[in-house]
Structure formats: structure tokens, C-alpha cells
Amino acid sequence: MIIKPKVRGFICTNAHPVGCDAAVAEQIDYVKQQGDYGQGPKNVLVIGCSTGYGLASRITAAFGYGAKTLGVCFEKAPTERKTATAGWYNTAAFHKYAEKEELFAQTLNGDAFSHEMKKDVIERIKSEMGKIDLVIYSLASPRRTDPNSGITYKSTLKPVGEAYTTKTYDTDKDKVHDVTLEAATDEEILNTIKVMGGEDWEMWIDALADAGVLAEGCKTTAYTYIGKELTWPIYGQATIGKAKEDLDRAASSINGKHSDLLLDAHVSSLKALVTQASSAIPVMPLYISLMYQVMKDEGTHEGCIEQINGLFTQCLYGNQPTLDEANRFRMDSKETNEQTQAKIKALWDDVTQENFHDISDYEGYHHEFLRLFGFDMKQVDYEQDVDPQLSW
Ligand code: NAD
């Protein structure tokens, strides 16, 4: 099959197995170039392991610290006529490279929100691994079925309080224009908290602790984005921000409930990056294109793997983690500091349809977007016939 990108709005509906493999290999190479990681995790569970920040976490744990990794993801296998999802191919590549280095790696594909998946993971840990000493929670999902009630909740990306009008960039139509986002209803806010809040993270840790598969002193972290004034109305102080606030509640609750295990739960605040999750958020493609321009000019640009490498070496396993007043690990200061934000704000105020491509790094944004699906990788020949039937 010759595979070319099929982009529909903010998503690419296919993926390239060789390109995904190359993108995973680049992240592994980055980790290996960092030298000795020292003491760190040995048995790691990554919930949301196949793309974005979760994949980078898995790669860092395995190829940096030599840890065994068990991953959970929700990806589609290839069929006769359709490629698999990118996360499927990323996982196949991860397994291939892990096997080469005799690193233990197993992945369960299915709904992480369900009781069944939690049960399967616990069985797998008991039969194949020692006790878990790090749990990474990196799910991004538009919906969640509560396993107790069977009710499916959908998340919404809307401001809270009042409608908000702002600039946005339509990647499909190549247009910078104003968009008005209506305020969320109370129900929409609660539903978003149900999907992206801390309830499921807590359920995971409770289930793992009750089953006796967490090591004493086990660490766990869930990822958040806090951002600054430019993104607050659509993220930090919007429905998704309300859900992310619930992660702070869950972290305290986890620490309180499992103090006998000396469990150490933190929310980690990471910078904005192009991932499948962030490209679906209105305004983010514009913000990230301008932010990339500023941070590349400053020489502070980082991708998922650089952020996660810093999180592990400075915060999770470092002596001097940057913690904020809510006990969160902060890895986002290169983006959110006043000077950088002022430069992004100046571009934001100036940006128009006419100058967008000149003053932003949309080229960089678009390259990274395609790369998420294994496209636009210079080392890959996209005219080659490839076999999409790949597994792990
Ligand atoms: P992503 O879309 O790249 O990854 C999501 C992962 O969740 C994938 O592995 C997917 O398979 C898995 N997943 C989704 N639904 C699932 C389900 N029901 N069962 C099992 N697995 C499921 O997202 P990302 O951007 O890496 O986001 C991960 C976390 O990082 C999120 O909490 C997000 O809010 C946070 N974060 C993202 C950014 C950003 O800019 N992208 C910034 C800071 C924090």
C-alpha cells in the first residue's frame, strides 16, 4: 500500500507505519544521547502509552532507566483497506526496539476507563512483573463511560462563565479569523470533569493498591496544561481547566488514602505541544504556531521527549523538583514566563490572515502535526509500497 496523509480538519485519518517507526526511533535516540540516567523507576505502568506525552514517558522509562514497561492504550488495528492508528504503529515500533535491547514491554489495547482493563492490568502485573514503582497517567479522551453507572460522558471545550471571542486559525481553510465560543452549561462542565478530571486516575491507583501491586514509595503523576492569560479563557479557566483542577483534588486524595504505601502523587504541568489531543482544541493551533516561533527564536523550543526527559530527571527522580503552591511539578516555565508570554502576546495582537505565515512557525506546527501520524519524515520514502499489517 502507498500511504499518503488523509487530513480531515484537525485529524489525520490514516498513519504511516514506517514513518511512525522513524518518529519513535528519533525519540529513543534522543534519550540514549542523554547519557546515564542514574537511579529511577524499574517497573512502570503507562496509562495512555501510545502517543504524545505518554509515549515519551514510556520511552524515557525504558530506554533511559532500563525499566520494564506495561502500557495501556486505545488504538485501532489495521484492516485490509485501512491503516492502523498512529498509536498502534508507535506501539509496534516501541516493542520492536525494546525487544532488540531485551527490555520487557507489554501493551494492553482497550478502554482504560473500564473495570475490565484495570483487572487485566493487575493480572498482567502479578504474572509478569514485580510491583509497580511508577504509574504515569496520560490519557486524553473526548468521552468516558463511567464503569460503575454505565453512563457515557462527553467532554466539551468551552469557556466558563461567559462567551469568549478570540482569534483562531482554521488549518483546513488556511484562514485566521475570529471565533466566538459559547459559555459551557453547568452540565457540560460537570461532564468534562467526569471525562478528563481525576476520578479515573484515583480509581486506577485504588485498584492497583487494593490488589497489592504497588511498591512502597511508588510514584504517580497525571499530566496537565495550565498555560497563561492567552490560553486561560479556552483552556486553564475553561471546561478542560476545571477538569484539570480536579486532578489536584485527586492527587491529594491519593496521597492521603495511600500514605501507608508512602505513595507520592503529583500533577505535572507540561508545556503546550502539537499532539492529537491539542490539535483538537480551538485556538491551540494558532497559539502553538506563534509560541513555536518565539521559543525557537529564543532557543528554548522543546518537544514531548525533551519535556518528559526533564520531568523524570529534574522532578520525578531529581533532587530539586520545581513545585508550585499546589504541589504540582512545573515543567512549563520556558513557555509561561512573563518575557516569553509578552513576545507571544505581541505576535498574537499583530497576527492577521495576511501575515500569519510570515510571523508564525506554522510550517513547524504542520510538520509536527504530520509527524504525529508518521508523515513528513525526511528519512522515509513515501512512494514505497509498505505493508500496513503490523502488530506487536
Ligand atoms: P494524546 O492524544 O497524544 O495521547 C492520548 C493517549 O491516551 C493515547 O495513548 C491514547 O491511546 C490513550 N487513550 C485515549 N483514550 C483511551 C481510553 N479510553 N483507554 C485507553 N487509552 C486511551 O494526548 P497528549 O497530548 O499526549 O495528552 C496526554 C496528557 O497530557 C493529557 O492529560 C493532556 O491534557 C496532557 N497535556 C497535554 C499537553 C499538550 O499540549 N498536548 C500539554 C500539557 C499536558
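This is a predicted model: local features need pLDDT of at least 70, side-chain atom pairs count only at pLDDT 80 or more; totals for chains, interfaces and linings use all residues.
I started at Y169, which is buried at a relative accessible area of 4%; buried here means under 20% relative accessible area, with a 1.4 Å probe and protein chains only. Residues are numbered from 1 along each chain as its sequence is written, and side-chain values use heavy atoms, leaving out hydrogens and water.

Next I looked up aromatic pairs, meaning rings of Phe, Tyr and Trp (its six-membered ring) with centres within 6.5 Å; planes under 30 degrees apart are stacked, over 60 edge-to-face, the rest tilted. My search of the whole structure found 15 of them. One is Y169 with Y362, edge-to-face at 4.9 Å centre to centre and 65° between the planes. Y169 sits in strand β9 (residues 164-170) and Y362 in helix α13 (residues 362-372), so this pair ties together parts 193 residues apart in sequence. Helices (H or I, at least four residues) and strands (E, at least two) are DSSP runs, numbered from the N terminus.

Is Y362 buried or exposed? I read a relative accessible area of 10%, so Y362 is buried. Y362 also pairs with Y365, this time stacked, at 5.8 Å centre to centre and 20° between the planes. These two are three residues apart in helix α13, so about one helical turn separates them. Y365 is buried as well.

Elsewhere, I noted one aromatic cluster formed by Y37, Y65, F312 and Y317.

Last, the whole protein: I counted 13 helices and 13 strands.

Technical notes. Buried means under 20% relative accessible area, exposed over 50%, partly exposed in between (1.4 Å probe, protein chains only).
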